[in-house]
Amino acid sequence: MERAAQQAVPLGQMEVFQALQRLHMTIFSQSVSPCGKFLAAGNNYGQIAIFSLSAALSSEAKEESKKPMVTFQAHDGPVYSMVSTDRHLLSAGDGEVKAWLWAEILKKGCKELWRRQPPYRTSLEVPEINALLLVPKENLLILAGGDCQLHAMDLETGTFMWALRGHTDYIHCLALRERSPEVLSGGEDGAVRLWDLRTAKEVQTIEVYKHEVRAHPTLCPPFFLPGHLRCLHLLLCSPPSQECSRPHNGRWIGCLATDSDWMVCGGGPALTLWHLRSSTPTTVFPMRAPQKHVTFYQDLILSAGQGRCVNQWQLSGELKAQVPGSSPGLLSLSLNQQPAAPECKVLTAAGNSCRVDVFTNLGYRAFSLSF
Amino acid sequence: MSSESSKKRKPKVIRSDGAPAEGKRTRSDTEQEGKYYSEEAEVDLRDPGRDYELYKYTCQELQRLMAEIQDLKSRGGKDAAVEIEDRRIQSCVHFMTLKKLNRLAHIRLKKGRDQTHEAKQKVDAYHLQLQNLLYEVMHLQKEITKCLEFKSKHEEIDLVSLEEFYKEAPPDISKAEVTMGDPHQQTLARLDWELEQRKRLAEKYRECLSNKEKILKEIEVKKEYLSSLQPRLNSIMQASLPVQEYLFMPFDQAHKQYETARHLPPPLYVLFVQATAYGQACDKMLSVAIEGSVDEAKALFKPPEDSQDDESDSDAEEEQTTKRRRPTLGVQLDDKRKEMLKRHPLSVLLDLKCKDDSVLHLTFYYLMNLNIMTVKARVTTATELITPISAGDLLSPDSVLSCLYPGDHGKKTPNPANQYQFDKVGILTLRDYVLDLGHPYLWVQKLGGLHFPKEQPQHTVITDHSLSASHMETTMKLLKTRVQSRLALHKQFASLAKLQAAVVLNPGYSSIPPIFQLCLNWKGEKTNNNDDNIRAMESEVNVCYKELCGPRPGHQLLTNQLQRLCVLLDVYLETESHDDSVEGPKEFPQEKMCLRLFRGPSRIKPFKYNHPQGFFSHR
């Protein structure tokens with residue numbers, strides 16, 4: 001707030017406007033380029049900024065390296081979700097999905113390759129697209145958002161093949177369970193639904209807020225036990241139960257992550273680890289703030305949401321570390337695990353500010369890129 | 001003395017010559033009766049006169065002897081002792097004679113007494129017999145007189161006269177041939193006939209009684225039937241009430257109301273009539289009712305005779321109480337004041353329903369002595385209002401109706417005549433009593449048809465229907481708008497009280513817009529750090545300020561921003577999701593039209609207003 005007053009030079013209207021914009025900017029989505037050296041970030045004004053990670057991480061990094069290489073107006077509305085294929089950057093926001101060529105963008109040529117709109121039922125208000133999911137084996141792109149359906153688009157032809165209906169309120173997040181293959185979707189109605197991609201039918205519904213965890217979080221079964229036995233071990237231990245639902249937050253599922261046997265989901269209800277085969281929750285992570293993004297990383301679970309910090313959890317439910325970032329709330333985490341650029345292997349976090357925090361080491365924040 | 005006593009004993013022994021031992025008298029009494037010396041027998045033989053003479057002689061001798069002894073003793077001498085002794089013996093003999101004579105006298109006395117006694121007893125016995133006989137005689141005489149006086153009951157009976165008797169009585173009773181001659185038999189016959197008649201009459205009487213019983217029972221049954229009819233009729237009436245309501249013809253209710261309305265004082269009556277008429281004709285949301293005690297209203301108009309009786313009683317009571325305690329001057333004045341400000345027991349209750357289901361309850365009272373009407377107001381809302389401090393007074397009954405018409409505060413009495421009345425009892429102004437009695441607004445007086453010209457006081461004021469009718473419609477509309485605007489204001493206050501906004505104004509205002517930072521204190525402190533929606537609201541106001549500039553040169557920016565902030569706050573509070581685990585209605589019921597409540601990963605509320613369509617959506 002005091003930024004405007006701190007400037008010595010009197011500002012013109014444009015600078016004032018831009019300053020105000022940056023004050024109220026929210027970065028919703030990130031995506032790493034296929035070569036791993038660049039990071040794209042999409043914000044609530046519809047802009048996408050490309051940052052050069054390699055430049056920012058190098059030893060001669062200057063202040064400008066932390067600024068975007070190129071910024072362009074991608075959408076009219078906020079860019080809620082971005083995903084990269086091996087050549088394209090796909091971004092989605094207000095009802096449309098657009099594709100950009102990475103090669104083009106890096107040369108600062110910001111022209112969309114194509115744009116598609118899934119067939120929506122209602123036309124009164126264009127629903128947003130909150131989540132994009134790539135299914136590389138089938139070359140599918142799955143979109144989900146405000147119209148409560150999952151649309152599948154074939155990336156080659158660009159046609160929308162089917163739509164999965166089942167959610168009663170809009171969908172927040174998608175996750176892919178590779179083994180089956182199944183798609184998990186979490187929505188505002190509080191349910192995580194599992195859909196079989198081949199049959200295009202709903203397989204299972206887990207209403208998270210109705211469950212409670214039976215097992216004691218500190219009694220951690222040994223890791224070498226296979227999944228189902230681990231679950232059994234947890235179940236057989238004596239149970240003081242913890243409820244998943246937190247009514248004052250609501251029941252919406254904001255984030256999902258899965259590694260085929262296990263699923264972690266959070267949002268209004270507490271962040272919980274579930275065993276998918278038996279559909280039982282096994283661990284409740286004691287985090288009061290609703291989490292907006294969660295992901296598995298090695299043997300940890302990383303989550304971020306309301307609150308400055310990136311939280312690192314053990315599978316047993318213990319908090320390993322809380323690393324503060326620079327934004328008051330985080331909406332998106334991105335792990336650059338592209339094999340082509342191992343030196344840029346960083347965790348980037350972005351949310352309710354114009355900055356993207358870069359963590360080179362999970363223990364602390366190295367620096368921030370800013371719009 | 002012992003010698004004398006032994007001598008005394010001796011004569012006893014000597015006297016009883018022939019008896020072996022006197023001591024054994026009792027034992028030998030029965031066997032020796034003949035030999036036994038009985039003095040009683042001797043007494044009969046001797047002559048009492050001679051005994052008396054003997055007594056006198058003996059006494060003389062004794063006196064002589066005593067004198068001689070005296071002489072001798074005084075002379076002394078030797079042979080004096082022998083002489084004395086001799087004389088002493090003689091005197092002893094004389095003493096014995098005296099004793100005997102004494103005994104005889106006693107015995108004679110005793111005998112005489114016995115004889116007297118016997119004779120007396122006999123006389124008594126005869127006397128007693130005589131008494132008994134006399135008593136018996138008297139008794140018998142009484143009996144005789146009684147018998148002679150006995151009146152047989154048959155003489156009390158009014159027997160039928162002889163001719164009738166002979167006419168009516170059947171011959172086996174009358175027995176004319178016998179009875180003609182013999183009055184006794186005649187009377188007997190007549191008595192028989194009387195008995196016969198009486199028996200017949202008794203029979204008839206019994207029959208009549210049983211008849212009567214039967215008829216009484218029938219009457220009872222019929223009465224019960226009638227009395228059970230009344231509650232059935234009542235229940236039919238009750239049952240018809242829902243039908244009445246269904247058909248919107250509440251006759252019964254209206255009838256009752258009109259009944260009670262008859263007891264209303266004139267201004268309240270005018271109000272009632274006009275309000276009901278208005279309600280039926282124009283405004284279905286208006287309902288009129290009468291509250292209060294009809295009996296008290298009737299009591300105000302009691303006939304004068306009763307009050308006179310009461311007066312005499314109360315005079316007596318008053319005297320008593322004045323003897324005990326005089327009420328103080330202040331208490332008297334207080335009583336007079338209370339009397340002056342007395343309200344009529346009936347009041348008219350008007351309920352104005354507004355569109356959002358909140359109801360304005362108006363209760364109209366009539367102050368009898370002051371001839372003005374007052375009103376008390378109360379607002380009830382469909383949902384419970386949580387009153388923030390700043391909005392405390394908005395809906396308070398005291399002020400919700402003030403200044404409905406310009407200048408009409410309702411603190412002063414509109415009737416100029418009241419001023420003189422107040423002076424008498426020391427009331428300065430009606431303002432002090434307004435909370436209790438209600439507000440005497442001018443429009444209330446007009447609704448009741450009371451017209452007070454401002455210039456001169458009048459003694460009587462006529463109540464006027466036309467005055468009331470002309471004001472009714474405007475007043476009702478004003479009341480409704482007042483209530484709605486107050487409620488809306490209340491809500492605004494409630495929502496705004498929770499919001500704090502810090503504004504930074506740059507000297508280059510209006511080209512450089514003010515920046516708002518918001519902090520909402522509701523269910524916890526929410527700022528842009530912890531609530532995405534607050535951030536969105538700030539961004540609406542800070543970033544999208546170009547929309548809010550208004551016409552050039554855009555000086556209205558701040559006010560427009562504030563206004564938009566209010567609207568955003570409304571949207572925020574109304575669309576806040578209701579916590580299902582907590583019971584109760586929503587604190588801010590949703591009134592704005594929104595397409596979707598949440599959108600996007602941040603779950604932002606719809607803050608963008610679409611102008612002509614009038615709904616909220618997301619940016």
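How exposed is Glu68(B), in terms of relative accessible area?

1. This note concerns a predicted model, in which local features need pLDDT of at least 70 and side-chain atom pairs count only at pLDDT 80 or more, while totals for chains, interfaces and linings use all residues. Residues are numbered from 1 along each chain as its sequence is written, chains are lettered from A in the order in which they are written, and side-chain values use heavy atoms, with hydrogens and water left out.

2. Glu68(B) is partly exposed, at a relative accessible area of 23%, where partly exposed lies between buried (under 20% relative accessible area) and exposed (over 50%), with a 1.4 Å probe and protein chains only. Its partner in a salt bridge (a side-chain nitrogen of Lys or Arg within 4 Å of a carboxyl oxygen of Asp or Glu) is Arg87(B), with the closest N and O atoms 2.1 Å apart. Because Arg87(B) belongs to helix 5 of chain B and Glu68(B) to helix 4 (residues 48–75), the pair ties together parts 19 residues apart in sequence; helices are DSSP runs of H or I, at least four residues, numbered from the N terminus. Arg87(B) itself is buried, at 16%.

3. A salt bridge also joins Glu42(B) and Lys100(B), at 3.0 Å from N to O, and this pair links helix 3 (residues 39–45) to helix 5 (residues 79–149) of chain B across 58 residues. Both Glu42(B) and Lys100(B) are buried, and they belong to a network of salt bridges that includes Arg46(B), Asp51(B) and Arg108(B).

4. Over all chains, the count comes to 19 salt bridges.

How values were computed: Helix = DSSP H or I, 4+ residues; strand = E, 2+ residues; numbered from the N terminus.
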